[in-house]
Every structure is written in structure tokens, then in C-alpha cells.
Amino acid sequence: MNLTVSQTEPIDITDTHIESYEDMPHNNVIDNVDTDNKQSIDPNAIILTEVLTDSAIAWRIHNCKVSKKTVTQNLPLQFLYHYDSLDNVIKQANPLTPKLLAQFNTPMTATEAAQLIGIDAALISSPWHVKVTGSLVVFSEALQLAVRLHWTNTGKATEQLYTKDAADALVAAFKEWQFFGRIDVLYKSAKQALISVDESAIDNAQVLTIEASTDYQYLPAPHALLVIAKLEADKEQLPWFESAILERLE
């Protein structure tokens with residue numbers, strides 16, 4: 001694949017954040033998908049997943065921000081989680097009774113669980129519930145390409161962590177952060193075609209052409225999943241993403 005590097009005006013990547021699909025006009029949805037044989041793909045076309053994970057390209061991060069953040073010990077957990085966190089000595093002194101078993105799936109706070117068991121609340125460790133989601137724009141001036149991505153520490157409602165304090169919980173939560181959700185693409189160069197290729201089909205590849213535009217365009221879900229899978233697979237070789245996210249969490 002040959003990349004044409006052009007001398008252009010700085011790309012305007014103003015990040016007008018859009019939370020949901022419904023907020024974006026339909027004409028900004030990329031829908032020009034062709035079923036084509038792999039061999040007929042233009043060898044000079046820029047393939048989105050390949051360039052986005054190419055560490056030789058001077059990618060920069062813009063507007064990395066937190067959209068939602070939860071770090072608290074005050075959310076309820078099912079009783080079974082509270083009971084399982086007890087020291088074995090305390091469990092032996094307070095074995096499960098039919099009354100306790102009946103409450104196993106009932107959400108409650110650590111204090112409520114302690115009252116149900118009949119022990120001091122200080123004997124039950126209360127985990128930190130952590131859920132942080134955010135977005136960032138990664139862009140290349142040379143390619144005139146910007147991609148808006150979303151990230152989080154967990155796909156669950158929250159991640160439960162037994163740590164000393166909130167700061168430690170936040171650090172632990174982001175040891176396994178991940179990309180997720182919608183992807184928006186801003187491509188301003190008309191000199192080379194930008195495409196996304198879904199090779200999951202046995203006989204034919206699904207080729208999505210991303211036309212040059214002055215606006216961000218929504219990437220259809222199947223192709224967004226391809227980008228996310230590639231980013232996740234190559235994440236260790238793309239340290240600028242993690243650096244930007246961890247800096248934003250501080």
C-alpha cells in the first residue's frame with residue numbers, strides 16, 4: 001500500500017461530540033458498501049484499520065475527555081458478593097442459613113449485609129465501583145484523517161475492586177481498558193481512496209468507501225467492530241492511546 005503524503009492546510013478536527021446515532025443527520029452515515037472480490041481492491045487505497053494501527057504514522061491525540069465517571073463505595077451488590085468477601089473465620093462463625101440463602105441475589109449495601117448476617121459492618125469489605133467512559137480523536141495531518149473513538153474500563157455497569165482507596169481503584173480499573181461503541185471518521189483528502197474492508201465473508205469482501213468530507217461521518221457497526229478489534233489486538237504497539245487516557249484520569 002502506497003500512502004501519498006500531501007502538503008495541506010491543518011485539518012480542522014473540532015470535536016463536536018455526539019452521544020447517540022440519532023443525534024447525527026442520516027446523510028452523515030457512511031452507507032456506500034460494495035461487495036467486491038478481494039483481488040479488485042485498489043492497491044493504492046488507504047485501508048482504515050491498517051493506517052490507524054500503523055505506528056510509523058505520526059498520529060496525534062486531540063480532545064481526550066471523560067464523559068461519565070463513577071468511583072464510589074455506595075452502590076449495592078448482591079448479598080452473595082458481600083458474603084464471599086468475608087474472612088473464612090467469620091464465615092465459619094456465621095454459616096449460611098435458609099434466611100441468608102434466600103437473600104443471595106438481593107442487592108444491598110455492605111452495611112445492610114452486615115445487619116442481615118448480624119456482624120459489625122467493619123468486618124465486610126466494601127468494594128469500589130468504577131465505571132469511566134470517554135472519547136478521543138486520533139488524527140494525522142499528513143493523511144488528512146481524523147477518527148473519533150470511545151473508551152471505557154469495563155463493559156459492565158461498574159467494575160468492583162477491593163482496594164485501599166479510590167485512587168488505587170481507578171488505577172486498577174484501567175489495567176484492562178478497552179475501546180467500544182460508535183466510531184466517527186473525518187477524511188478530507190480526495191487524492192486517495194479511504195476504505196474499510198470486511199474480509200469475514202468467505203467468497204467476497206465487503207468494501208466500504210469513505211468519501212472525502214468536511215464533516216465527521218458515522219462508521220456502520222460492522223466496520224466499527226473491525227476497527228475496534230484491530231485496535232485492541234495492536235494496543236500495546238500504540239502507546240499514545242493509553243498515555244492520553246491515563247493523563248485524563250489524573
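The following legends describe close-up views of a predicted model.

**View 1. Surroundings of Thr53.** Thr53 occupies the loop that connects helix H1 (48-52) to strand S3 (60-72). Its relative accessible area is 12%, so Thr53 is buried. The side chain of Thr53 comes to 2.7 Å from the backbone oxygen of Thr49. Leaving aside residues up to four places away in sequence, Thr53 is in contact with Lys230, Leu231, Asp234 and Leu238.

View 2. Two of the residues touched by Thr53, Lys230 and Asp234, are joined by a salt bridge with an N to O distance of 3.2 Å. Asp234 is buried at 18% relative accessibility, whereas Lys230 is partly exposed at 32%. A salt bridge also links the side chains of Glu232 and Lys235, at 2.9 Å from N to O. Here Glu232 is partly exposed, with a relative accessible area of 28%, and Lys235 is buried, with 17%.

**View 3. Strand S9 and its pairing.** Of the 10 residues in strand S9 (residues 178-187), seven are buried. S9 pairs with strand S7 (residues 145-152) in the antiparallel sense through seven bridges; Leu145 has Tyr187 of S9 as its bridge partner. Strand S12 (residues 217-218) also runs antiparallel to S9 and is joined to S9 by two bridges, with Gln217 in S12 as the bridge partner of Val185.

**View 4. Salt-bridge network of Arg148, Arg182 and Asp184.** These three residues, Arg148, Arg182 and Asp184, are linked by salt bridges into a network. Between Arg182 and Asp184, the closest N and O atoms lie 2.6 Å apart. Arg182 is buried at 11% relative accessibility, and Asp184 is buried with a relative accessible area of 0%.

Notes:
Residues numbered from 1 in each chain as written. Predicted model: local features only at pLDDT ≥ 70, side-chain atom pairs only at ≥ 80, totals over all residues. Heavy atoms only, no water. Helix = DSSP H or I, 4+ residues; strand = E, 2+ residues; numbered from the N terminus. Buried < 20%, exposed > 50% of the residue type's maximum accessible area, 1.4 Å probe, protein only. Polar contact = N/O pair within 3.5 Å; in protein donor to acceptor, adjacent residues only side chain to side chain. Contact = heavy atoms within 4.5 Å. Pairing = 2+ DSSP bridges. Salt bridge = Lys/Arg side-chain N within 4 Å of Asp/Glu carboxyl O.
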